[in-house]
Structures are given as structure tokens and as C-alpha cells.
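Hi,

Here is the model I said I would pass on.

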Amino acid sequence: MTDSLKKISDFFKEKYFVMIFVLCLLGAGIKNVITFKRMNLPYLQIGAALVLFATLLLVIFFFAKKVSVSISTKFLVTALVLGSIYMFVIPVDAVPDEHTHYLRTYSVANEILRLKPEDGKLLMREVDAVADNKTKYESKNEYNEYFCKFKNEFFTGKSEYKGYKIGLMKGYSLPYVVPAIGMIIGRILNLGYISCYMMARLFNLIFFVIVMTYAVKKIPVFKEGLFAIGLLPIVMQQGMSLSYDVMLIACTTASFSLLLKGYCEVETMSRLDWVLFGVFSFSVIPLKGYAYVLIGIQPLVLMTYRMIK
């Protein structure tokens with residue numbers, strides 16, 4: 001490991017970095033409280049929750065070293081808990097563009113089940129097709145209605161599939177395979193619209209946390225920094241959603257971790273590490289109009305560098 005990387009890594013281990021990180025969280029929380037107050041939302045409760053969240057992270061950072069488990073295990077447990085909280089607190093479709101990704105996931109699930117479209121129409125259960133796709137909740141009453149609907153319509157009776165004319169986002173299907181499996185299980189269990197949606201979210205969250213945990217475990221430097229970044233609110237929000245950002249964030253992070261490992265400690269990389277390096281890197285290439293081609297060629301860059309060296 002080079003001296004410059006060592007110095008940067010040591011900074012991420014210092015308590016000052018942790019304090020700065022938590023202060024940034026509190027600053028973002030205060031800004032959100034002001035925004036929520038203007039929107040006539042229960043800003044005091046939301047503010048208290050944000051303070052509690054920042055305090056929880058502070059406790060985790062300062063006392064995690066006293067627990068005799070690896071930092072990757074600590075991340076696994078913490079991310080699953082926080083991600084589950086985000087998953088239930090943030091209503092379905094509330095994450096930006098999530099309903100579009102929901103329809104894409106629905107389409108991929110149909111392809112797995114071999115339910116072919118009829119005359120260009122997407123085959124859907126009636127309970128899913130007629131659901132209120134609300135993306136904004138501007139009052140406490142609206143939140144209450146959402147959670148009451150979640151509870152009262154957790155299960156639904158068997159529903160026939162009908163064709164609905166819905167505009168679909170076509171393209172790369174791989175990011176939607178994992179949530180599609182969760183959605184299929186939800187349909188088999190006759191879950192309602194929201195609970196089936198949650199099942200798809202849960203599968204995405206589990207995939208996200210497992211890959212991010214692998215990244216924290218494999219990265220040779222910045223482990224504490226990656227631990228902190230992986231728990232940021234925006235990362236957790238996307239990580240539990242149906243967006244293709246789940247695969248994008250997780251796979252690019254894991255790819256970068258293995259790139260650093262190959263640069264600093266190539267002799268410790270196993271065959272499985274090399275295979276996963278390629279899988280994580282190549283899988284993101286088609287996303288966002290092939291904007292991540294450079295991520296995809298990282299394994300080739302590392303192998304070329306090692307051959308020249």
C-alpha cells in the first residue's frame with residue numbers, strides 16, 4: 001500500500017471524520033425539518049427521528065470497535081436494520097421514478113412466468129392495475145391512510161390477469177431480475193399491492209446489502225469511510241427501492257473495492273474475487289446509455305497494469 005493511500009485511510013479512521021460526518025447529517029436534517037415545516041408536515045416528529053438516526057450512527061461508530069466482529073459484519077447488520085426502516089417508512093412509489101421501475105419489474109416478472117403481453121398490453125392483477133400510484137404525501141393524514149391500506153389490504157384474493165395499456169420502459173433487464181423474483185413470490189402468496197411491492201423491495205435490499213458488505217470486506221483501505229458512505233440516507237433510500245440504482249451503486253462500489261485490492265494486495269485476490277470483479281464491472285456497462293463503460297473495463301486495466309509492472 002502506498003504512503004498516500006495509507007494516510008488517507010488513517011484519516012477515515014479518525015474520530016474527527018466521524019464527527020464531521022454526523023454534523024453533515026444533522027445539517028441535512030435541519031434543512032429537511034425546515035422544508036417539512038413549510039409543507040405543513042409533522043416536522044417536529046421528523047426532526048426528532050433524524051436526530052435519533054444521527055445519534056445512532058454516532059454510537060455505532062464510537063463503540064463498534066468494542067464488539068469483536070469484523071467491520072463488514074457490522075455493516076451487514078446495520079444496513080439491513082436501517083434499510084428495513086427506510087423500506088417501511090418511505091411509501092411505495094415515493095422514491096423518484098420508482099413507479100416506472102415498478103412497471104419494468106412487473107414486466108420482467110411476467111417474462112420469467114412466461115406471461116406474454118396481449119396486443120402490447122401488460123398483463124397485471126387488477127389489484128395492481130387500479131392501485132393509487134401516489135408519489136407525494138403532503139400531510140400526516142395521507143401517511144396514515146397509506147399505512148392503514150397497507151395493513152388492511154396485506155393479502156388479497158386470487159386475481160386474474162388482464163391486459164392494461166401501460167407505457168413501459170424498455171431496455172436492460174438484469175437490474176430488475178432480483179426484485180422480480182420477490183414480486184413473483186408476493187403474487188404466489190396473494191399479497192396485496194403494497195405488500196407485494198414491499199416483497200420486491202426486500203429482495204433488492206438484501207441484494208444491495210450483501211454486495212455492499214462484500215465491498216466493505218474486500219476494500220484494503222477506507223473501510224470506515226465506505227462503512228459511513230454506505231449508510232448515508234440517500235444511499236439507503238436508493239438501496240431499498242426498485243430503481244436500477246440498486247445494482248448500479250452496489251456493483252460499482254464492489255468493483256472499485258476490488259480494483260483497489262488488486263492494486264494494493266493483488267497476491268491476496270482469489271479466483272472468485274477475479275470472477276466477481278468481472279461480473280460486477282461488466283454488469284453495469286449497459287446502464288444509463290452505456291455511461292459506465294469505464295467501470296466495465298476496470299478488470300482489463302488492472303490486468304494490463306500488473307502485466308506491465
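Let's start with Val89, which sits in helix 4; helices here are DSSP runs of H or I with at least four residues, strands are runs of E with at least two, and both are numbered from the N terminus. Leaving aside neighbours within four places in sequence, Val89 is in contact with Tyr143 and Phe147, where contact means heavy atoms within 4.5 Å. Phe147 is 58 residues away from Val89 along the chain, and their C-alpha atoms are separated by 9.3 Å.

Before going further, some housekeeping. This is a predicted model, so local features need pLDDT of at least 70 and side-chain atom pairs count only at pLDDT 80 or more, while totals for chains, interfaces and linings use all residues. Residues are numbered from 1 along each chain as its sequence is written, and side-chain values use heavy atoms, with hydrogens and water left out.

The overall picture: the chain has 16 helices and two strands. Of its 309 residues, 44% are buried, meaning under 20% relative accessible area, with exposed being over 50% and partly exposed in between (1.4 Å probe, protein chains only). Taking contacts between residues at least 6 apart in sequence, 79% join residues at least 24 apart.

Back to helix 4, which spans residues 71-89 and also holds Thr78. Thr78 counts as buried because its relative accessibility is 12%.

On the helix 4 side the contact uses Ile71, Lys74, Phe75 and Thr78, and they meet Lys223, Glu224, Phe227 and Gly230 of helix 10. By class, that contact has three nonpolar, two polar and three charged residues; Ala, Val, Leu, Ile, Met, Phe, Trp, Tyr, Cys and Pro count as nonpolar, Asp, Glu, Lys and Arg as charged, and the others, Gly among them, as polar.

How enclosed is helix 10 (residues 223-230)? Largely, because six of its eight residues are buried: Glu224, Gly225, Leu226, Phe227, Ala228 and Gly230.

Next, the core. The largest nonpolar core has 65 residues, a core being a set of buried Ala, Val, Leu, Ile, Met, Phe, Trp, Tyr and Cys residues joined through side-chain atoms within 4.5 Å. Helix 9 supplies the largest share of that core, 15 residues. Tyr102 and Phe208 have the most contacts inside the core. Not counting residues up to four places away in sequence, Tyr102 touches Met124, Asp128, Met183, Tyr193, Tyr197 and Leu242.

Helix 9 (residues 193-218) packs on helix 12 (residues 245-265) at about 15°, with the axes 8 Å apart, and the pair is therefore roughly parallel. From helix 9, the residues in the contact include Phe207, Phe208 and Val211, and among those they meet in helix 12 are Ile249, Ala250 and Thr253. That contact has 13 nonpolar, three polar and two charged residues.

Helix 12 then packs on helix 13 (residues 271-283), again with axes 8 Å apart, at an angle of about 140°, so these two are oblique to each other. The residues involved include Met247, Cys251 and Leu258 of helix 12 and Leu276, Phe277 and Phe280 of helix 13. Here the classes come to eight nonpolar, three polar and two charged residues.

Last, the backbone. Most residues other than glycine have a negative phi. Asp97 has a positive phi of about 65° and lies in the loop between helix 4 and helix 5 (98-112); Asp97 is exposed, at 58% relative accessible area. Arg114 has a positive phi of about 60°, in the loop between helix 5 and strand 1 (122-125), and is exposed at 73%.

Cheers

Key
Axes fitted to C-alpha atoms, helices over the stretch in contact; angles between N-to-C directions. Parallel < 35°, antiparallel > 145°, perpendicular 65-115°, else oblique.
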